[in-house]
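Please look over the sequence and the model below. The paragraphs that follow go through a helix, a pocket and some single residues in turn.

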Amino acid sequence: MRKKKLITTLLISTLALSSLLTACGTKKNTSENVTELVTEATTNTLTSADGSSVEGVELEGLTFNSSEVEVTADMSNAITNAGLDGGYTTVKSFDLNMTDANNEKVQPNGTVSITKTLDKLNAPEGYSVEYKVYYYNPDTNTLEACNTTYEDNTVTFETTHFSVYMYFCVCFNVDKDVVTNVLTTDDGLKFYTASEYATYMIEQEEKKAAEEASAKAQAEAQAQVSTSNSSSNVTTNSNANNNSSSNEVANDTSNSVDTSSSDTSGSDSQYIKAIEIHEGVDVTNEWKLTWGDLKSTSNPQVFFRRQKNWTPTAKGDFFVFNNDNTIARLVTDSRFFPEDEGFENAVASVWNMALRHGID
């Protein structure tokens with residue numbers, strides 16, 4: 001009986017061991033089958049024309065594009081709504097995307113890492129610089145913070161889709177006050193916090209107002225000097241105008257007015273008294289000179305009258321007056337108009353001729 005029981009026990013143990021070995025073999029085969037089905041994804045890196053790069057899986061045959069875009073009014077509103085006003089130094093936005101062989105935009109398969117090197121902000125000693133990247137959602141006009149890291153001015157963030165991203169540079173001093181404005185001056189870059197920039201702008205407005213006030217004062221002073229000089233010095237033109245308005249014309253001996261003469265239009269205006277320098281005869285009515293016909297020249301005693309029917313050799317006449325501009329003493333033809341080259345030389349020649357004939 002005991003022998004039979006022992007045989008039964010051994011038989012049961014053998015069956016149990018056989019079942020155990022069969023189960024382990026099945027598990028091993030299952031594990032091997034799973035290993036054969038799983039393939040390791042290959043990570044690729046693409047570089048854009050501006051040197052930015054994207055790293056992810058299944059990027060073969062694609063092109064990575066990065067281009068700076070304008071920060072629009074909507075983006076500025078999104079910045080304000082995100083509470084970032086006054087909390088950053090500079091901001092730039094970039095359109096980041098990938099295209100396939102047909103130049104069609106495609107989205108990444110999973111998470112990708114994007115790295116971009118920004119312009120370096122040379123902050124002075126004692127200032128620190130940080131970078132933050134936000135995804136701009138045009139549908140909701142909002143900003144969403146991205147997982148961002150940086151080393152110097154090279155910034156990396158992760159995303160699962162391509163779109164417009166905004167890069168914020170945040171510079172702050174030892175007191176953690178953020179620099180909101182960086183200005184280029186003759187002394188180099190100047191960094192201002194919000195309060196410092198407000199003070200700077202007030203100073204600039206005051207400086208501008210002071211400069212404008214100074215310029216206005218100088219202009220008024222110059223105008224007063226000009227007025228004073230005009231009233232204290234009698235010019236040849238004012239003499240001529242005075243002679244015309246008073247209708248008084250003097251002769252070379254008594255300065256008396258010739259009231260018997262009149263111009264060809266029949267008006268009451270008097271002709272300018274004229275004495276021919278060679279013969280010494282009165283040619284007032286012959287020359288019929290009025291101040292309205294004459295134009296001044298660079299010489300205060302020489303005047304020009306344009307001829308109505310001028311010829312190439314006689315475009316006008318020169319008249320030389322005595323020192324007080326009351327008597328015309330010489331006439332000669334002019335081959336030049338005042339606007340012609342050579343006119344000033346002609347004026348000088350006429351004056352030298354007059355001097356030889358005793359003009360005072």
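**A helix and its packing**

The buried residues of helix α2 pack against β4, β7 (128–137), β8 (142–145) and β11. Helices (H or I, at least four residues) and strands (E, at least two) are DSSP runs, numbered from the N terminus. Buried means under 20% relative accessible area, exposed over 50%, and partly exposed in between (1.4 Å probe, protein chains only). This is a predicted model, in which local features need pLDDT of at least 70 and side-chain atom pairs count only at pLDDT 80 or more, while totals for chains, interfaces and linings use all residues. Residues are numbered from 1 along each chain as its sequence is written, and side-chain values use heavy atoms, with hydrogens and water left out.

Helix α2 covers residues 73–81, and its buried residues are M75, A78 and I79. They cover an arc of only 100° around the axis, so they lie on the same side of α2; the arc is that of the directions from the helix axis to the C-beta atoms. On the face turned away from this buried side, α2 carries the exposed residues A73 and N81. After α2 comes G83, with a positive phi near 75°.

**The second largest pocket**

Strands β4 and β11, against which the buried residues of α2 pack, also supply at least two residues each to the lining of the second largest pocket. A pocket here is an open set of points on a 1 Å grid over the protein atoms alone, where a 1.4 Å probe fits, with protein on both sides within 12 Å along at least five of seven lines; lining residues have an atom within 4 Å of a point. The second largest pocket holds about 190 Å³ of space. Its lining consists of T90, V91, K92, L118, D119, K120, L121, Y131, Y167 and C169. β4 (90–99) gives the most, with 3 residues. Sorted by class, the lining has 6 nonpolar, 1 polar and 3 charged residues.

**Two buried residues in strands**

N44 lies in strand β1, residues 43–47. N44 has a relative accessible area of 16% and is therefore buried. A polar atom of the N44 side chain lies 3.4 Å from the backbone nitrogen of L59. Contact means heavy atoms within 4.5 Å. Leaving aside neighbours within four places in sequence, N44 is in contact with V54, E55, G56, V57, E58, L59 and E60.

K315 is in strand β16, residues 314–321. Its relative accessibility is 16%, so K315 counts as buried. Apart from neighbours within four places in sequence, the residues in contact with K315 are F304, R306, Q307, W310, S334, R335, F336, F337 and D340. R305 is 10 residues from K315 along the chain, and their C-alpha atoms are separated by 8.9 Å.

**Positive phi in two loops**

K288 is not a glycine, but has a positive phi of about 50°. K288 is found in the loop between α5 (284–287) and β14 (295–296). Is K288 buried or partly exposed? At 35% relative accessibility, K288 counts as partly exposed.

N325, not a glycine either, has a positive phi of about 55°. N325 sits in the loop between β16 and β17 (328–334). With a relative accessibility of 0%, N325 counts as buried.

Terms used:
Points joined across faces, edges and corners; volume = space filled by probe spheres on them. Nonpolar A, V, L, I, M, F, W, Y, C, P; charged D, E, K, R; others polar. Polar contact = N/O pair within 3.5 Å; in protein donor to acceptor, adjacent residues only side chain to side chain.
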